[in-house]
Amino acid sequence: MATVSTTAKPRTVLDALPHRTFLISSWPWRALLYGLSTGPMTLLFGLPFGCCLLPLAVLVSRVVHGQTSDLGLVAVFSVFGMLLFLSAGPAWAAVVAGVERQRLRMVDLNPVTVPLGPIGEPGWWPRMRTRYTEPAAWRELGYAVLLCTAIPALYSVAGMVALFAVVLVASPLLVNANDTISVGFTEVSTPGAAVPYALAGVVLLVLSGYLLSGFAGLHAMLARSLLTDGAAEKLRGELTEVSQSRTRLLSAFDAERKRIERDLHDGAQQRLVGLSLQLGLAKVDLPPDSAAAKAVSDAHDQAKKLMVELRELINGIHPRALAELGLPAALEELADCCAVPVTVDVVVPVRLPESVESTAYFVVAESLTNVAKHSAASCASVTAGIAGRVLTIEVWDNGAGGAEPSRGTGITGLSDRIAVLGGRMWVRSPIGGPTVVRVELPC
């Protein structure tokens with residue numbers, strides 16, 4: 001029976017370290033390239049920081065050694081350097097962070113999420129001013145300082161171990177050129193005596209590859225924690241899942257609504273039509289002045305009224321005009337049924353996605369219902385049009401105003417439905433009117 005390996009390929013150098021094939025994979029070379037390229041980055045990015053902090057280092061050195069000459073001047077330059085470091089540092093650290101996020105791909109294949117700070121006012125100065133209030137900017141500055149101080153020291157340890165391993169491996173060859181060479185804590189004078197140290201050097205060289213890769217992995221973890229926004233990435237994933245679940249719920253709701261409409265139309269309505277016909281035939285067969293004829297006639301009238309109510313209910317669940325003729329005709333039908341005179345101006349030359357048309361229809365239906373019930377308006381209007389792949393709907397009335405969307409479950413439900421489609425809704429209803437409901441739906 002064949003077995004399928006479920007082990008995922010390593011995405012980072014730290015994930016690859018425990019694998020038996022680590023040394024023959026590309027990960028040690030990635031770690032070596034990452035470590036070697038850190039040196040030039042340290043020199044390039046550390047030079048401006050060093051110029052700013054050099055007076056402070058001189059001041060500390062003079063205080064430690066008890067040198068008091070020109071101490072005040074050095075202190076002034078130190079304060080100036082610190083102010084320059086704190087003011088220009090976050091801006092320069094943004095450049096460092098941008099390069100380091102690109103270099104991170106050498107040893108970490110996971111996606112890199114750039115931190116998103118608050119949106120400032122337009123213009124470079126307001127945006128720069130806003131940046132200095134972002135925690136991400138100071139995390140980037142902290143990483144830049146570590147890149148110029150602690151991280152090179154970390155790689156230097158691995159470099160010295162690797163250099164010592166190379167010396168041990170080459171010791172049988174070096175002893176021919178020199179009578180005596182030092183190998184660690186002892187000396188050898190013959191090639192034969194250097195062979196055990198050469199074998200130990202091979203083992204140490206292999207271990208130095210793991211050591212360098214481990215340091216590169218720790219460096220990458222530090223860079224990811226300070227230069228990326230893992231919390232925002234997790235939150236973005238959760239929001240995506242919530243949005244997808246809301247979309248699935250809306251689709252399921254639409255499917256269930258269509259099923260109910262179909263069952264009512266094909267089942268209950270047809271049976272009610274049959275019942276009405278039977279009552280009509282029974283009324284004909286009975287004597288006109290009999291009590292039975294009167295009872296059957298009343299039942300026949302009630303059946304016809306029930307048919308009208310059921311037809312309106314079915315039409316409210318899934319409007320036929322919307323499904324067959326499109327949004328403009330459906331909105332015209334809504335306006336005709338409204339108790340308040342409504343002017344309709346709809347310019348939608350193409351059929352839109354079913355979810356967009358349905359949402360737009362029910363937005364207008366709920367708005368016109370509120371106009372008729374609560375606004376005391378004498379006229380209203382409905383306008384709709386498409387601009388830039390966005391359907392804009394506006395319902396206006398000249399009523400008393402004062403509408404509060406938070407008080408009505410209908411508007412709240414519509415706003416939730418609009419949010420699922422990525423749309424927006426505004427309600428403006430000052431006391432005394434007029435009331436305007438505006439909806440934008442991506443289509």
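**View 1. Helix α12 lies across strands of the sheet in this predicted model.** The strands that α12 lies across are β3, β4, β5 and β7, and the helix runs at about 10° to β5. Helix α12 covers residues 354-375, and together with β3 and β4 it makes a β-α-β unit that is left-handed.

**View 2. Five strands make up an open sheet with mixed pairing.** Their order is β3-β4-β5-β7-β6. Because β3 and β6 (424-428) stand at the edges and have a single partner strand each, one side of each is left without a neighbour in the sheet. On average, and with direction ignored, neighbouring strands of the sheet are turned by 10° against each other. Helix α11 (residues 327-337) also packs on this sheet, where it touches β3, β4 and β5 (390-397), and its direction makes about 175° with that of β3.

**View 3. Strand β3 runs parallel to strand β4.** The two strands are joined by 6 bridges, with β4 spanning residues 380-387, and in one of these pairings Thr 343 has Ser 381 of β4 as its bridge partner.

**View 4. Strands β6 and β7 pair in the antiparallel sense.** Their pairing extends over 5 bridges, and β7 comprises residues 435-442. Within this pair, Val 427 stands opposite Val 437 in β7.

Technical notes. Residues numbered from 1 in each chain as written. Predicted model: local features only at pLDDT ≥ 70, side-chain atom pairs only at ≥ 80, totals over all residues. Heavy atoms only, no water. Pairing = 2+ DSSP bridges. Helix = DSSP H or I, 4+ residues; strand = E, 2+ residues; numbered from the N terminus. Right-handed = clockwise from strand over helix to strand, strands pointing away. Axes fitted to C-alpha atoms, helices over the stretch in contact; angles between N-to-C directions. Contact = heavy atoms within 4.5 Å.
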